[in-house]
Amino acid sequence: MSESFSPGPGVEPQSPYSTVFLSQRDLGLRTPINFVTGPGVSLTAACFPHLRYEDDSAGDCLSNLLGVGFHRFEIDLYWDQGRKVWSFCPVSVPTSIPNAIPSSTTTLSFISDTRSSLTSDTTASISSSSPQNLNPRQVSSRSITGPLTSSSSELTHTTATSLGNVLPTIAVLPDTPDEPLISIGPYVCTTTINLSTLTSQLLDYIQKTQMTLDAHLLYVILNIHAATPGESPASPAPAPTSLPGPSSLLGGMVSGNLSQYLYRQSDLQSDRANLNGSWYSVSETYRPVEEYYSIDVNENGIYSTEDGWPSEGYLEFSNSKRLLVGWGTIDPQMAGYNFTGDSGVIFPSGFLQNVQADVTASSAGRLTSGCFLGNLTDDLTQIHSSWAFDAILPGFDYPTSASSDINPLLNLASNSTNCGISPILNVTLLNSTALDDYKPYQNFSYATIWSWAPGEPKNYTESSSSNSGSVFRCATSNIDLDGRWMVADCSQKYYAACRAHNQPYNWTITNYPISYSFANQACKDPYHFTAPRTALENSYLTQEMRRTRRDFDGGGAWVDFNSLDVAGCWVTGGPNATCLWKDTLSQENGLEKQVILVPTVAAIIVLVVTALTIFVKAAGNRRVRKRRRRRAENGLVYEGVPS
């Protein structure tokens with residue numbers, strides 16, 4: 001597996017999607033991470049559907065998945081007790097591999113497929129003179145075939161056992177001549193596709209995205225299995241006679257490369273026990289909002305929580321943590337693994353994901369049960385969406401063949417997200433890996449966008465139209481677009497969205513339209529003008545917009561989200577809010593001119609004129625005349641007239 005993060009051309013988000021993902025991350029910077037949704041993917045389904053486990057292609061596949069916006073990964077690891085390594089290959093690889101013999105052609109022999117008899121001998125002979133003929137190995141009903149050829153090597157190594165099996169066939173990869181390709185039953189593996197190469201690539205990704213604009217949290221769920229013996233790859237894997245020792249425990253191996261960026265179970269326990277010294281000790285910008293968890297305080301004034309989780313802002317920008325690792329499924333054969341040795345590093349099963357078994361959906365992808373969007377309740381205690389993930393839905397037609405219609409799955413991903421559930425992709429889309437064709441996986445990731453409407457946010461500063469005024473920098477939620485957001489003229493009057501204090505799902509709409517600058521004045525106590533921070537909060541707002549039956553006239557309702565300070569940098573906090581990443585943007589793109597809304601300027605001018613009038617009267621009899629300068633709160637300087 002390539003140890004560098006290197007997605008293919010066109011894989012990473014381009015405008016406006018780069019702004020969309022940054023917007024959603026920033027909206028949720030203070031939300032506890034267990035309530036923030038995001039797409040997940042099984043690395044096995046997306047990268048190894050053809051049972052081919054090769055370093056470089058697997059690394060490029062992972063790079064593409066990271067590039068299109070996946071930050072949650074389910075990883076299947078197999079304990080190969082013969083080599084004492086954790087491998088992606090489901091079958092044990094021989095500890096001793098003969099050296100390749102140089103030749104102008106390569107002839108390979110393959111054993112039978114897992115679906116054929118153990119006593120059958122099916123071989124395929126392949127000859128090639130150039131590596132351009134390399135293709136993923138396809139599994140047929142009788143044999144495994146695939147042109148695994150090299151112009152500079154030849155090896156035929158076939159040995160029958162008493163059971164009629166054939167021992168591994170070995171070939172040399174054209175692009176990695178030092179790493180042989182092993183064919184065992186239906187599996188094709190390299191010897192080096194192990195856990196260490198995965199952690200190395202994650203490390204490279206983290207280091208390349210440490211900029212404040214690119215940083216995202218990563219979640220890795222480990223499913224552990226016992227590798228099948230190489231002499232009987234079609235048989236169920238037996239329990240290992242030699243389990244991983246202290247040096248092979250997964251917690252230590254993950255920490256080895258990623259210790260600096262790893263947020264451990266022990267870190268969570270420490271943070272929860274003393275909030276005064278953890279979450280409450282950082283800037284409010286990154287402090288987890290309190291309405292999502294319970295709080296206790298002891299006689300010494302130390303605050304603590306039993307169920308709280310940190311926010312992404314706290315982890316990334318206050319502590320430089322980027323990765324959380326948890327247990328997934330554990331095969332019975334691996335029940336004897338030393339989980340205690342990893343207890344301070346890896347989160348227990350169910351901590352980082354709570355699979356929703358009661359979710360059902362129609363054939364078109366609409367959820368028919370299991371949605372956390374209730375009709376009446378806005379009480380958080382009645383909405384148990386913490387770490388909610390979906391599973392493979394029985395009866396749903398997943399698009400696994402090349403001719404499948406992917407749209408129902410995209411609808412399912414979008415609707416699950418709107419319901420507060422993170423969709424996990426556990427199938428191979430359109431019979432292609434994310435390396436062969438990244439577009440279906442990109443579409444799945446983009447389907448989980450819950451904020452901006454397609455094509456938004458438009459950058460009107462770059463438009464040549466007559467409406468390209470700088471005041472087109474505020475966001476409205478549009479009911480005609482299922483609550484998705486659009487850029488609007490900040491000086492126009494629309495209804496405004498108001499949320500109750502400490503009640504994330506309790507929304508109301510103002511009684512009258514108002515411009516963005518004064519929207520907060522129209523929200524009645526205990527409600528205040530704000531923006532949704534999660535997909536589920538946005539769904540409750542959309543539901544309230546429909547319930548009120550206001551005549552939005554296609555304009556929607558203001559949400560507290562604007563880019564008035566710096567173009568393209570969307571922030572909450574009203575018209576005078578400052579871009580969090582101004583320094584970074586000024587270094588990368590050149591700082592855009594600050595925009596002050598006309599109503600705000602008018603109000604400041606009135607105050608300045610009034611102050612100057614008083615000053616002129618008070619100083620009317622003075623002979624010394626001075627020019628006075630007054631600074632408004634927004635940093636602009638206004639000149640006074642001579643007295």
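A disulfide is a pair of cysteine sulfur atoms within 2.5 Å. The model is predicted: local features need pLDDT of at least 70, side-chain atom pairs count only at pLDDT 80 or more, and totals for chains, interfaces and linings use all residues. Residues are numbered from 1 along each chain as its sequence is written, and side-chain values use heavy atoms, with hydrogens and water left out.

**Exercise 1.** State how many disulfides the structure holds, and give their pairing.

Solution. There are six disulfides. Number the bonded cysteines of the chain in sequence order. The pairing then reads 1-2, 3-4, 5-6, 7-8, 9-10, 11-12.

**Exercise 2.** Find the handedness of the disulfide of C47 and C61, and what the pair ties together.

Solution. Start with the bond: S to S is 2.1 Å. Next, the torsion about the S-S bond of C47 and C61 is about -90°, so this disulfide is left-handed. C47 lies in helix 2 (residues 43–47) and C61 in helix 3 (residues 55–67), so the pair ties together parts 14 residues apart in sequence. Helices are DSSP runs of H or I, at least four residues; strands are runs of E, at least two; both are numbered from the N terminus.

**Exercise 3.** Decide whether C47 is buried or exposed.

Solution. Buried means under 20% relative accessible area, exposed over 50%, partly exposed in between (1.4 Å probe, protein chains only). C47 has 9% relative accessibility, so C47 is buried.

**Exercise 4.** Work out the handedness of the disulfide of C89 and C189.

Solution. Their sulfur atoms are 2.0 Å apart. The S-S torsion is about 70°, so the disulfide of C89 and C189 is right-handed.
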